[in-house]
Amino acid sequence: MSIFLQLLFSSLETGSVYALATLGIIIIFRTSRMTNFAQGSLGMMNAFVATFALINLNVNVFVAAFIGMISAFITGVVVDLVIMRHAKRVSPVSKQIITFGLIMLFLGIAPMLFGTSPLSFPRFISEGSISISGASVTYNGIFNISVGLFIMIALFVFLKKTKWGLAVRVTASNEETAQLMGVPTKLVTMGAWAVAAALGTLAALMLAPAITVNVSMMDNVQINALIACVLGGFQTFYGPVLGAYIIGLSKNLLIYYVSSTWGNALLYILILVFIVFRPNGLIGKNYIKKV
Amino acid sequence: MEHIKKIFNTKPYNYYIFFGILLSLAPTAQQLGLLNSSTIIVLGTVIFYSVVGVGLNVLLGYSGLISLGTAGFMGLGSYMAAYLTVDMNLPYFLSVIISVSIPLAVGLVIGLISLRIQGYYLAIATLGVSEILKQVFIEMDTLTGGFSGKSAFYPKIFGLLELNRQFTFIGMSIVLVLILIFSHNFINARTGRAFLTMRGSESAAKAMGINLLKYKLTAFGIATAYAALGGVLYIHFIRFAYPSGWSVTLSLQILAVIVIGGMRKMNGPVIGAFIVFGVPELILKQIPIISGIDGLAYIFTGVLIIVVILFYPDGVIDLLNPIKDYIEKYKENKNEEKSLLDNQ
């Protein structure tokens, strides 16, 4: 039982990382109809900014993370203003390709600005752990889990209860109608990019103590986040987040109980098979495309 | 001049064959001292990525589907070829056939699963597949040599004649020309027309009696087979492969090849492969100040992808349009002057 609990807590922690990245992807998908493959790279580059601030400005970890998220916010706005706004008329496939271009761009810019050697970013809470019926959980782990959950809940409340949340949902459902109703869809899309980039950076910084800040740190998260979107279905905001936690948990369970080398591969195969039977994901609604 | 134009226009194959002959002169040029030895390796790289690109162009350009598993299938092909020729001592041509058909079979199964769902799922599904394949490359070390990598030899034809680098290069040029002619044929026939209809509107294609799954699967199969063939060419030319080389980044670079070279053009992938894999090595590294910047090649490719998608959807060749326009205007002006003079 204590092993299972241990696994559960570590899954919740990785699940939070995946969920933050996934939320970024789904917000962008819903508001501008494109699967953002550059979510991980955006997070990676701004994690470098945060680490750079930590080392050179001698600030607190939290302040460094805040600086990283602010710079991510600005990066998101710039990406939208300079590139995405001009891509309104291109096809969905080409939009996807633009995000591939962004990946290459960030892959090149990060080592150019911050060097090629991996940097280390400390935990938010450096030490201490408690034991919950035999399973030991670090304070940092609890902090990450609760920050993840808090941000999810805050965003869902924002989407459901506020006027701006309504604007986002209207844009997501039909952009042209939203424009006719006086919703500033351009601002909504820009906000979506900015928030998504900040969420990606937070995910990267939560992950950083375990694997150092390096160019390929977010590759794995990016893949799992996209697969979480497929698993949860692209039609709702909460489906993918649920998918992210499920992936976090089932990955750890498969790796521990089935095979440590093939656990990951097995998970992807299972999800592929699942998609054959439920093409719209866990909570997907089947909507009929008009010609 | 008119005569030469006539030859190319009546038989489009001549264009490819002429290009192939030009390409296979490169090793001779190296022996004469006109080209560096490293330039030959870069050009060889351009050739096998062109082959992979032509395949992906069928999938992305003509049928509008994105695959991110290209590098994985390429790796599978190259490891198969290395294992079959080095460890099993099979004849070269038999090994080529096997190492193309096994990735093809794997690809078809994956295509069958992921193509039943919406188009953008294919990119994500193939991304997952390429992760699985990478794990396979690391773990199955009897086949792939694990982290330490796998080496192979230059091709040995009919068990007698072992080619050297020059002849391998010429052989690769011949393969590229054959691939271009073959693809040209089926793109300008029933299959190609079905792809284009499908890309335009799936509903319209369905209404015209085109079996969507069949043609999507065909396109995906062609892309996979060409990727595996590219992998085979790779391993017999570079003669070394290791697992981290077959990353998603490589798949993205191959995608960039098509986008930059121009989608739905037969010569697009060749131009694109030269720009993505040739230009950074041959030109950018020679420029003094910026050559030291890390990641320059990635920035160059990334910016080109975005610029081409936004402004030049038919490929980077359109960047030359202003020059073309200028020449045409110049010609027109000259003709007008001439006619004015004649009238007088």
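Visitor: How many residue pairs are in polar contact across the interface of domain 1 of chain B and domain 2 of chain B?

Guide: A polar contact is a pair of N or O atoms within 3.5 Å; within protein, one must be able to donate a hydrogen and the other to accept it, and residues adjacent in sequence count only if both atoms are side-chain atoms. Between domain 1 and domain 2 of chain B the rule finds 1 residue pair, both at pLDDT 80 or more. The elements giving two or more residues to the domain 1 side are α13 (248-261), α14 (268-282) and α15 (296-311) of chain B. Helices (H or I, at least four residues) and strands (E, at least two) are DSSP runs, numbered from the N terminus.

Visitor: What limits apply to this model?

Guide: The model is predicted: local features need pLDDT of at least 70, side-chain atom pairs count only at pLDDT 80 or more, and totals for chains, interfaces and linings use all residues. Residues are numbered from 1 along each chain as its sequence is written, chains are lettered from A and ligands numbered from 1 in the order in which they are written, and side-chain values use heavy atoms, with hydrogens and water left out.

Visitor: How do I read the area that the two domains bury?

Guide: The size of an interface is often given as the accessible area lost when the parts come together. Buried area here uses a 1.4 Å probe and is summed over both parts. The two domains of chain B bury about 520 Å², with 72% of it on carbon and sulfur atoms. B:K265, B:I271 and B:Y312 supply 64% of the area that domain 1 buries against domain 2, more than any other three residues.

Visitor: How many residues of each domain are in contact?

Guide: Contact means heavy atoms within 4.5 Å. Domain 1 of chain B brings 8 residues and domain 2 of chain B brings 4. A salt bridge needs a side-chain nitrogen of Lys or Arg within 4 Å of a carboxyl oxygen of Asp or Glu. The count between these domains is 0. By class, the domain 1 side has 6 nonpolar, 1 polar and 1 charged residues. Ala, Val, Leu, Ile, Met, Phe, Trp, Tyr, Cys and Pro count as nonpolar, Asp, Glu, Lys and Arg as charged, and the others, Gly among them, as polar.

Visitor: Now the chains. What area is buried between chain B and chain A?

Guide: About 3600 Å² is buried, and carbon and sulfur atoms give 84% of it. Each chain puts 40 residues into the contact. Salt bridges between chain B and chain A number 0. The rule finds 1 residue pair in polar contact, both at pLDDT 80 or more.

Visitor: Which element gives the most to the chain B side?

Guide: α7(B) does, with 13 residues. The chain B side divides into 26 nonpolar, 10 polar and 4 charged residues.

Visitor: How many helices and strands are in chain B?

Guide: Chain B has 16 helices and 4 strands. Its C-alpha trace spans about 85 × 60 × 45 Å along the principal axes.
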